[in-house]
Amino acid sequence: MLRELISQGSFRAYHEPFLGGGSVFLGLGPFRRAVLSDSNAELIEAFEGIRDAPEQVAEIAHAHGFDPETYYHLRATVSVDKIERAARFLYLNHMSFNGIYRVNLDGIYNVPFGRRKNVNMPTADQLVDVASRLKGARLVARDFAKCIKDVRAGDLVFLDPPYTVAHNNNGFVKYNQRLFSWDDQQRLSRLIDEIKGIGAYYVLTNAAHDSIGELFEKGDCLLQTRRRNNIGGNNAVRGAATEYLFTNLI
Ligand SMILES: C[S@@+](CC[C@H](N)C(=O)[O-])C[C@H]1O[C@@H](n2cnc3c(N)ncnc32)[C@H](O)[C@@H]1O
(Lines give C-alpha, C1' and ligand atoms only; values in the text may rest on other atoms or scores of the structure.)
Protein backbone atom coordinates (compact mmCIF):
# COMPACT_ATOMS: atom_id res chain seq x y z
CA MET A 1 0.00 0.00 0.00
CA LEU A 2 2.82 2.42 0.87
CA ARG A 3 4.43 1.71 -2.47
CA GLU A 4 1.23 2.70 -4.26
CA LEU A 5 0.95 5.89 -2.20
CA ILE A 6 4.54 7.00 -2.40
CA SER A 7 5.94 7.35 -5.89
CA GLN A 8 9.52 8.51 -5.58
CA GLY A 9 9.69 11.10 -8.30
CA SER A 10 6.82 13.27 -7.32
CA PHE A 11 8.12 15.00 -4.20
CA ARG A 12 10.66 17.79 -3.81
CA ALA A 13 12.17 15.99 -0.83
CA TYR A 14 11.45 12.98 1.39
CA HIS A 15 11.62 13.21 5.20
CA GLU A 16 11.62 10.34 7.66
CA PRO A 17 11.90 11.61 11.27
CA PHE A 18 11.49 8.15 12.94
CA LEU A 19 14.09 6.38 10.82
CA GLY A 20 14.58 3.12 12.80
CA GLY A 21 15.83 0.43 10.43
CA GLY A 22 14.92 2.66 7.49
CA SER A 23 12.93 -0.06 5.73
CA VAL A 24 10.56 2.40 4.03
CA PHE A 25 13.29 4.73 2.80
CA LEU A 26 15.39 1.78 1.64
CA GLY A 27 12.46 -0.08 0.13
CA LEU A 28 10.86 2.80 -1.74
CA GLY A 29 13.82 5.03 -2.59
CA PRO A 30 16.17 6.22 -3.87
CA PHE A 31 14.81 9.72 -3.43
CA ARG A 32 16.50 12.73 -5.04
CA ARG A 33 16.66 14.51 -1.69
CA ALA A 34 16.05 13.00 1.72
CA VAL A 35 16.38 14.07 5.33
CA LEU A 36 16.47 11.09 7.70
CA SER A 37 16.46 11.48 11.46
CA ASP A 38 15.91 9.59 14.70
CA SER A 39 16.37 10.45 18.36
CA ASN A 40 18.68 7.43 18.69
CA ALA A 41 22.12 8.96 18.06
CA GLU A 42 23.84 5.54 17.91
CA LEU A 43 21.49 4.45 15.14
CA ILE A 44 22.18 7.60 13.11
CA GLU A 45 25.91 7.15 13.62
CA ALA A 46 25.64 3.53 12.43
CA PHE A 47 23.89 4.67 9.24
CA GLU A 48 26.69 7.22 8.72
CA GLY A 49 29.29 4.48 9.14
CA ILE A 50 27.49 2.28 6.60
CA ARG A 51 27.20 5.20 4.18
CA ASP A 52 30.92 6.03 4.47
CA ALA A 53 32.50 2.56 4.67
CA PRO A 54 29.95 -0.20 3.92
CA GLU A 55 32.45 -2.95 3.09
CA GLN A 56 34.52 -2.29 6.19
CA VAL A 57 31.43 -2.30 8.43
CA ALA A 58 30.32 -5.65 6.96
CA GLU A 59 33.80 -7.12 7.28
CA ILE A 60 34.07 -6.18 10.96
CA ALA A 61 30.51 -7.32 11.79
CA HIS A 62 31.09 -10.74 10.13
CA ALA A 63 34.49 -11.18 11.77
CA HIS A 64 32.91 -11.17 15.26
CA GLY A 65 31.92 -14.64 16.46
CA PHE A 66 28.20 -15.32 16.51
CA ASP A 67 28.31 -16.68 20.07
CA PRO A 68 27.19 -15.40 23.49
CA GLU A 69 30.73 -14.73 24.77
CA THR A 70 31.55 -12.43 21.84
CA TYR A 71 28.11 -10.84 22.06
CA TYR A 72 28.43 -9.97 25.78
CA HIS A 73 32.01 -8.81 25.31
CA LEU A 74 30.97 -6.43 22.49
CA ARG A 75 27.90 -5.31 24.41
CA ALA A 76 30.20 -4.22 27.25
CA THR A 77 32.85 -2.50 25.08
CA VAL A 78 32.39 0.58 22.94
CA SER A 79 35.19 1.32 20.46
CA VAL A 80 36.61 4.80 19.93
CA ASP A 81 36.49 4.17 16.17
CA LYS A 82 33.29 5.28 14.42
CA ILE A 83 33.32 2.47 11.82
CA GLU A 84 33.85 -0.15 14.53
CA ARG A 85 30.95 1.37 16.49
CA ALA A 86 28.73 1.13 13.38
CA ALA A 87 29.69 -2.56 12.98
CA ARG A 88 29.02 -3.16 16.69
CA PHE A 89 25.57 -1.56 16.40
CA LEU A 90 24.72 -3.73 13.41
CA TYR A 91 26.09 -6.85 15.11
CA LEU A 92 24.23 -6.29 18.40
CA ASN A 93 20.94 -5.58 16.62
CA HIS A 94 21.22 -8.76 14.57
CA MET A 95 22.35 -10.96 17.45
CA SER A 96 20.13 -9.69 20.27
CA PHE A 97 16.93 -11.16 21.63
CA ASN A 98 14.20 -10.35 19.05
CA GLY A 99 16.29 -7.58 17.51
CA ILE A 100 15.22 -5.15 20.21
CA TYR A 101 17.11 -1.94 20.84
CA ARG A 102 16.95 -1.06 24.51
CA VAL A 103 19.28 0.85 26.81
CA ASN A 104 19.24 1.19 30.60
CA LEU A 105 18.95 4.51 32.45
CA ASP A 106 22.68 5.11 31.90
CA GLY A 107 22.23 4.69 28.14
CA ILE A 108 23.98 1.28 28.07
CA TYR A 109 22.61 -1.32 25.61
CA ASN A 110 21.20 -4.13 27.79
CA VAL A 111 19.40 -6.63 25.56
CA PRO A 112 20.33 -10.32 26.15
CA PHE A 113 21.86 -12.61 23.51
CA GLY A 114 19.31 -13.86 20.97
CA ARG A 115 20.13 -17.59 20.50
CA ARG A 116 19.02 -17.35 16.85
CA LYS A 117 18.95 -20.39 14.59
CA ASN A 118 19.93 -18.28 11.58
CA VAL A 119 21.94 -15.10 11.85
CA ASN A 120 20.98 -12.75 9.06
CA MET A 121 23.94 -10.34 9.23
CA PRO A 122 23.84 -8.03 6.17
CA THR A 123 26.50 -8.82 3.56
CA ALA A 124 29.00 -6.34 2.10
CA ASP A 125 26.94 -6.20 -1.12
CA GLN A 126 23.79 -5.38 0.80
CA LEU A 127 25.52 -2.61 2.76
CA VAL A 128 27.07 -1.18 -0.43
CA ASP A 129 23.54 -0.97 -1.82
CA VAL A 130 22.32 0.78 1.37
CA ALA A 131 25.28 3.17 1.13
CA SER A 132 24.44 4.10 -2.45
CA ARG A 133 20.85 4.88 -1.41
CA LEU A 134 22.12 7.05 1.43
CA LYS A 135 24.33 9.20 -0.81
CA GLY A 136 21.74 11.92 -1.39
CA ALA A 137 20.44 11.81 2.17
CA ARG A 138 21.16 13.96 5.21
CA LEU A 139 21.28 12.02 8.48
CA VAL A 140 20.49 13.84 11.72
CA ALA A 141 20.10 12.73 15.37
CA ARG A 142 17.22 14.76 16.79
CA ASP A 143 13.68 14.74 18.15
CA PHE A 144 11.04 14.25 15.45
CA ALA A 145 9.47 17.70 15.95
CA LYS A 146 12.66 19.39 14.72
CA CYS A 147 12.17 18.00 11.21
CA ILE A 148 9.78 20.85 10.47
CA LYS A 149 12.59 23.33 9.82
CA ASP A 150 13.61 21.33 6.73
CA VAL A 151 10.10 20.77 5.32
CA ARG A 152 8.97 22.81 2.30
CA ALA A 153 5.79 22.87 0.20
CA GLY A 154 5.48 19.73 -1.95
CA ASP A 155 7.66 17.57 0.34
CA LEU A 156 6.59 14.23 1.78
CA VAL A 157 7.04 13.40 5.48
CA PHE A 158 6.69 9.71 6.38
CA LEU A 159 6.05 9.22 10.11
CA ASP A 160 6.35 5.81 11.77
CA PRO A 161 6.48 6.46 15.54
CA PRO A 162 6.79 3.80 18.25
CA TYR A 163 3.33 2.48 19.07
CA THR A 164 2.20 3.29 22.56
CA VAL A 165 -1.12 1.50 22.74
CA ALA A 166 -1.86 -2.18 22.99
CA HIS A 167 -3.39 -2.85 19.62
CA ASN A 168 -7.12 -2.89 19.14
CA ASN A 169 -8.48 -3.48 22.61
CA ASN A 170 -6.75 -1.80 25.55
CA GLY A 171 -6.13 1.83 26.26
CA PHE A 172 -2.75 3.45 26.60
CA VAL A 173 -0.29 1.14 28.26
CA LYS A 174 2.55 2.02 30.58
CA TYR A 175 5.37 -0.05 29.13
CA ASN A 176 6.17 2.40 26.38
CA GLN A 177 5.55 5.60 28.32
CA ARG A 178 9.25 6.40 28.50
CA LEU A 179 9.69 5.51 24.83
CA PHE A 180 6.83 7.55 23.41
CA SER A 181 4.21 9.08 25.70
CA TRP A 182 0.74 10.45 25.04
CA ASP A 183 2.31 13.90 25.23
CA ASP A 184 4.60 12.84 22.34
CA GLN A 185 1.55 11.71 20.36
CA GLN A 186 0.01 15.14 20.92
CA ARG A 187 3.24 16.82 19.77
CA LEU A 188 3.12 14.58 16.70
CA SER A 189 -0.43 15.69 15.98
CA ARG A 190 0.68 19.34 16.16
CA LEU A 191 3.62 18.57 13.84
CA ILE A 192 1.20 17.20 11.26
CA ASP A 193 -0.83 20.42 11.47
CA GLU A 194 2.38 22.34 10.74
CA ILE A 195 3.30 20.06 7.82
CA LYS A 196 -0.13 20.63 6.29
CA GLY A 197 0.15 24.38 6.96
CA ILE A 198 3.35 24.49 4.87
CA GLY A 199 1.62 22.74 1.97
CA ALA A 200 3.54 19.48 2.35
CA TYR A 201 2.26 15.90 2.45
CA TYR A 202 2.38 13.38 5.27
CA VAL A 203 1.85 9.66 5.76
CA LEU A 204 1.45 8.56 9.39
CA THR A 205 1.28 4.96 10.56
CA ASN A 206 0.04 4.43 14.10
CA ALA A 207 -1.79 1.96 16.31
CA ALA A 208 -5.39 1.20 15.34
CA HIS A 209 -6.95 2.57 18.49
CA ASP A 210 -9.88 4.93 19.12
CA SER A 211 -7.70 7.42 21.03
CA ILE A 212 -5.32 7.59 18.04
CA GLY A 213 -8.21 7.85 15.59
CA GLU A 214 -9.56 10.86 17.50
CA LEU A 215 -6.24 12.62 18.00
CA PHE A 216 -5.22 12.40 14.34
CA GLU A 217 -8.66 13.08 12.84
CA LYS A 218 -7.89 16.00 10.51
CA GLY A 219 -10.38 15.43 7.71
CA ASP A 220 -7.74 13.44 5.75
CA CYS A 221 -7.73 9.88 4.51
CA LEU A 222 -7.70 7.09 7.12
CA LEU A 223 -6.86 3.56 5.96
CA GLN A 224 -6.58 0.36 8.01
CA THR A 225 -3.67 -1.92 7.18
CA ARG A 226 -2.14 -5.11 8.55
CA ARG A 227 1.57 -5.27 9.21
CA ARG A 228 3.79 -8.04 10.43
CA ASN A 229 5.53 -7.23 13.68
CA ASN A 230 8.61 -9.41 14.20
CA ILE A 231 10.43 -7.12 16.56
CA GLY A 232 9.63 -6.55 20.20
CA GLY A 233 9.97 -7.88 23.68
CA ASN A 234 7.59 -9.80 25.87
CA ASN A 235 5.23 -6.86 26.13
CA ALA A 236 5.05 -6.12 22.45
CA VAL A 237 2.27 -7.39 20.26
CA ARG A 238 3.72 -10.02 17.90
CA GLY A 239 2.37 -11.39 14.66
CA ALA A 240 0.27 -9.32 12.29
CA ALA A 241 -1.19 -6.18 13.85
CA THR A 242 -3.84 -3.87 12.49
CA GLU A 243 -2.69 -0.30 12.18
CA TYR A 244 -4.01 3.02 11.01
CA LEU A 245 -2.50 4.92 8.14
CA PHE A 246 -3.40 8.62 7.91
CA THR A 247 -2.48 10.70 4.88
CA ASN A 248 -3.34 13.85 2.96
CA LEU A 249 -1.86 12.33 -0.22
CA ILE A 250 -5.24 11.07 -1.48
C1 LIG B 1 8.71 2.17 14.87
S2 LIG B 1 10.40 2.66 14.82
C3 LIG B 1 10.56 3.14 13.14
C4 LIG B 1 10.70 1.92 12.26
C5 LIG B 1 11.10 2.24 10.85
N6 LIG B 1 10.00 2.80 10.10
C7 LIG B 1 11.60 0.98 10.15
O8 LIG B 1 11.13 0.66 9.09
O9 LIG B 1 12.51 0.35 10.66
C10 LIG B 1 10.38 4.14 15.71
C11 LIG B 1 11.70 4.91 15.81
O12 LIG B 1 11.40 6.15 16.43
C13 LIG B 1 12.51 6.56 17.19
N14 LIG B 1 12.04 7.54 18.17
C15 LIG B 1 11.44 7.35 19.38
N16 LIG B 1 11.13 8.52 19.96
C17 LIG B 1 11.55 9.50 19.09
C18 LIG B 1 11.51 10.91 19.12
N19 LIG B 1 10.98 11.59 20.16
N20 LIG B 1 12.03 11.59 18.07
C21 LIG B 1 12.59 10.94 17.02
N22 LIG B 1 12.65 9.57 16.94
C23 LIG B 1 12.13 8.87 17.96
C24 LIG B 1 13.06 5.27 17.77
O25 LIG B 1 14.44 5.43 18.08
C26 LIG B 1 12.80 4.27 16.63
O27 LIG B 1 13.96 4.14 15.84
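This is a predicted model: local features need pLDDT of at least 70, side-chain atom pairs count only at pLDDT 80 or more; totals for chains, interfaces and linings use all residues.

Biologist: Let's begin at the ligand. Which residues come nearest to the ligand?

Modeller: There are 19 residues around the ligand. By class, this shell has eight nonpolar, six polar and five charged residues. Those that come nearest are Gly21, Ser23, Asp38, Asp143 and Asp160.

Biologist: How far is a nitrogen atom of the ligand from an N or O atom in the side chain of aspartate 160?

Modeller: Let me go through the polar contacts, which are pairs of N or O atoms within 3.5 Å. An oxygen atom of the ligand is 2.8 Å from a polar backbone atom of glycine 21, and a nitrogen atom of the ligand lies 2.9 Å from a polar side-chain atom of aspartate 143. For the side chain of aspartate 160, the distance to a ligand nitrogen is 2.6 Å.

Biologist: And how much of the ligand's accessible area does the protein cover?

Modeller: On its own, the ligand has 610 Å² of accessible area. Of that area, the protein covers 80%.

Biologist: Is glutamate 16 buried or exposed?

Modeller: Glutamate 16 sits in strand S1 (residues 14-16), and a polar atom of its side chain lies 3.4 Å from the backbone nitrogen of phenylalanine 25. A residue counts as buried under 20% relative accessible area. Because its relative accessibility is 2%, glutamate 16 is buried.

Biologist: What about arginine 115: buried or exposed?

Modeller: Arginine 115 is found in the loop between H6 and helix H7 (124-134). Its phi is near 45 degrees, a positive value in a residue other than glycine. The cut-off for exposed is over 50%. Since its relative accessibility is 69%, arginine 115 counts as exposed.

Biologist: One last stop. What distance separates the C-alpha atoms of alanine 53 and valine 128?

Modeller: Alanine 53 lies in the loop between helix H3 (41-52) and helix H4 (54-63), and at 13% relative accessibility it counts as buried. Along the chain, alanine 53 and valine 128 are 75 residues apart. Their C-alpha atoms are separated by 8.3 Å.

Technical notes. Residues are numbered from 1 along each chain as its sequence is written. Side-chain values use heavy atoms; hydrogens and water are left out. A residue is near a molecule or strand if one of its heavy atoms lies within 4 Å of it. A polar contact is a pair of N or O atoms within 3.5 Å; within protein, one must be able to donate a hydrogen and the other to accept it, and residues adjacent in sequence count only if both atoms are side-chain atoms. Accessible areas come from the Shrake-Rupley method with a 1.4 Å probe; for residues, only the protein chains shown count as cover. Ala, Val, Leu, Ile, Met, Phe, Trp, Tyr, Cys and Pro count as nonpolar, Asp, Glu, Lys and Arg as charged, and the others, Gly among them, as polar. Helices (H or I, at least four residues) and strands (E, at least two) are DSSP runs, numbered from the N terminus. Buried means under 20% relative accessible area, exposed over 50%, partly exposed in between (1.4 Å probe, protein chains only).
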